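Thanks for making the time this morning.

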Amino acid sequence: MAAPGVHDVKLGKRKSTVEVDSLSREELMCRVRQLESHVKQLQNIVIKNDVSTSSTTAGRRKDYRAKEREFDFTRYNTRHVALKIMYFGCDYLGYASQEETMNTIEQTVLDALKKTKLMENRETANYERCGRTDKGVSAFGQVISLDLRTNLLSGVGVKVREGGTAAERSGDKTTEVPYCSILNRNLPPEIRVLAWAPVNTEFSSRFNCRRRTYKYFFPKANLDLDLMRQAAQKLVGEHDFRNFCKMNVKDGVIQFKRRILSVDISVVTEEEEDGYNMCILTVVGTAFLYHQIRYIVSVLFYVGKGLEQPEIVDELLNVEKNPRKPQYILAADFPLCLFDAEFEDDLEWIYEADWHEHNIKTLQRLWAEHSIKAHMLKKMLESLDKAKVETECDIAPWSDLSPPIQHQSTWIASDGQKVHKPLLNRQLGRMYILI
């Protein structure tokens with residue numbers, strides 16, 4: 001047993017017995033510092049061992065999970081199907097994938113398809129899309145066609161995989177994969193797969209589409225809808241629309257003839273104040289050029305504001321007389337929606353009941369959120385109309401001092417000019433040879 005006042009001090013493997021009472025204050029402080037330093041060394045050794053062990057364990061788990069996630073596509077056939085997709089494009093940089101960004105609708109959908117093992121890769125999936133919407137544009141009827149993993153051994157669109165073992169695979173071979181359910185669980189709420197349809201192996205959502213319907217939503221404000229309708233009807237038929245689009249010659253587009261089947265402008269809400277009525281421009285055509293709908297909206301707005309006559313449409317469609325597009329503003333993107341696509345063969349869309357209900361609830365919630373904001377803003381505007389405003393000679397409610405301000409749609413197609421310059425007097429774009 002150690003004598004009173006004697007302590008064992010261990011430094012590494014060395015052991016020494018020290019008479020604590022015989023040490024001076026400075027010596028004791030030095031000993032304490034040595035012990036603290038040694039404790040830190042031991043702590044560092046323990047931490048390194050823990051990190052090493054943790055890294056090794058994590059590495060093993062990662063390797064195990066990688067092996068666990070390995071998916072054998074040869075055990076399944078593929079099936080050529082069409083998917084109907086709805087999305088809100090406000091937060092995305094367009095539908096089509098781009099090399100410089102991952103923030104597109106298409107890339108998000110492709111990522112979900114690969115994550116869920118429904119598709120091995122885009123290159124071998126015979127992938128086609130119906131439309132290529134711009135940045136900010138939404139869709140209710142975007143349709144893509146591609147080959148997806150299937151549980152079935154035969155049926156419409158089923159392709160037997162060469163060298164595959166689907167016939168020997170255990171499990172269900174008669175109930176199809178619930179495509180909507182699987183994908184919607186792996187997509188953000190602003191992108192929904194509404195339905196799917198089995199299609200023949202030669203079907204292309206791009207080349208078999210016979211008509212596309214776009215809708216553009218806008219408030220009436222002070223627009224003359226009758227004049228806009230007169231101008232819009234001049235667009236119906238097959239025309240050269242080079243003066244109503246963005247020239248995309250670098251991508252090989254040198255033919256600007258397109259057929260518009262119908263154009264309609266309707267009022268969908270009836271408000272007490274006419275300026276707040278919501279309207280829809282519906283354009284149906286076989287195919288469209290880059291930015292075509294939005295440039296059409298711009299011209300119709302010039303007409304609706306009384307800045308141009310309806311006959312301006314005739315002038316812009318006459319490419320022999322006006323072969324070069326005048327420079328004018330492009331209408332806003334987010335009011336536009338690719339609403340529907342019709343195909344040569346009527347597709348038998350399959351809406352999965354559980355997810356159909358979920359999609360309805362999702363859209364109802366989004367509608368409620370935006371409707372609440374709209375009604376809140378309307379009440380704020382009503383209060384501002386009643387506010388007593390001071391002028392040089394009086395104080396009175398704003399509604400008594402000023403006629404109604406109808407600025408609701410000005411921003412949609414505004415070039416910022418205080419004085420409108422007629423379109424035919426503006427600077428012109430490049431000249432292209434008629435085809």
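Where is Ser-204 found? Keeping in mind that what you see is a predicted model, Ser-204 lies in the loop that runs between strand S7, residues 191-198, and strand S8, residues 209-219. Leaving aside residues up to four places away in sequence, Ser-204 touches Glu-128, Ser-145 and Cys-209.

Let me turn now to the nonpolar interior. In soluble globular proteins, nonpolar side chains tend to be buried together. Here the largest nonpolar core holds 70 residues, and those with the most contacts inside it are Leu-83, Leu-146, Phe-218 and Phe-244. The element that gives the most to this core is helix H5, residues 292-304, with nine residues. Another core, of ten residues, lies apart from it, and includes Ala-82, Cys-130, Phe-343 and Leu-347.

Phe-244 deserves a moment of its own: again not counting residues up to four places away in sequence, its contacts include Gln-292, Tyr-295, Ile-296 and Val-299, and among the others are Leu-235, Val-313, Leu-316 and Tyr-328.

Finally, the chain as a whole has eight helices and 14 strands, and of its 435 residues 40% are buried. If we take the contacts between residues at least 6 apart in sequence, 75% of them join residues at least 24 apart. The chain exposes about 25,900 Å², of which carbon and sulfur atoms supply 52%.

Methods:
Residues are numbered from 1 along each chain as its sequence is written. This is a predicted model: local features need pLDDT of at least 70, side-chain atom pairs count only at pLDDT 80 or more; totals for chains, interfaces and linings use all residues. Side-chain values use heavy atoms; hydrogens and water are left out. Helices (H or I, at least four residues) and strands (E, at least two) are DSSP runs, numbered from the N terminus. Buried means under 20% relative accessible area, exposed over 50%, partly exposed in between (1.4 Å probe, protein chains only). Contact means heavy atoms within 4.5 Å. Accessible areas come from the Shrake-Rupley method with a 1.4 Å probe; for residues, only the protein chains shown count as cover. A nonpolar core is a set of buried Ala, Val, Leu, Ile, Met, Phe, Trp, Tyr and Cys residues joined through side-chain atoms within 4.5 Å.
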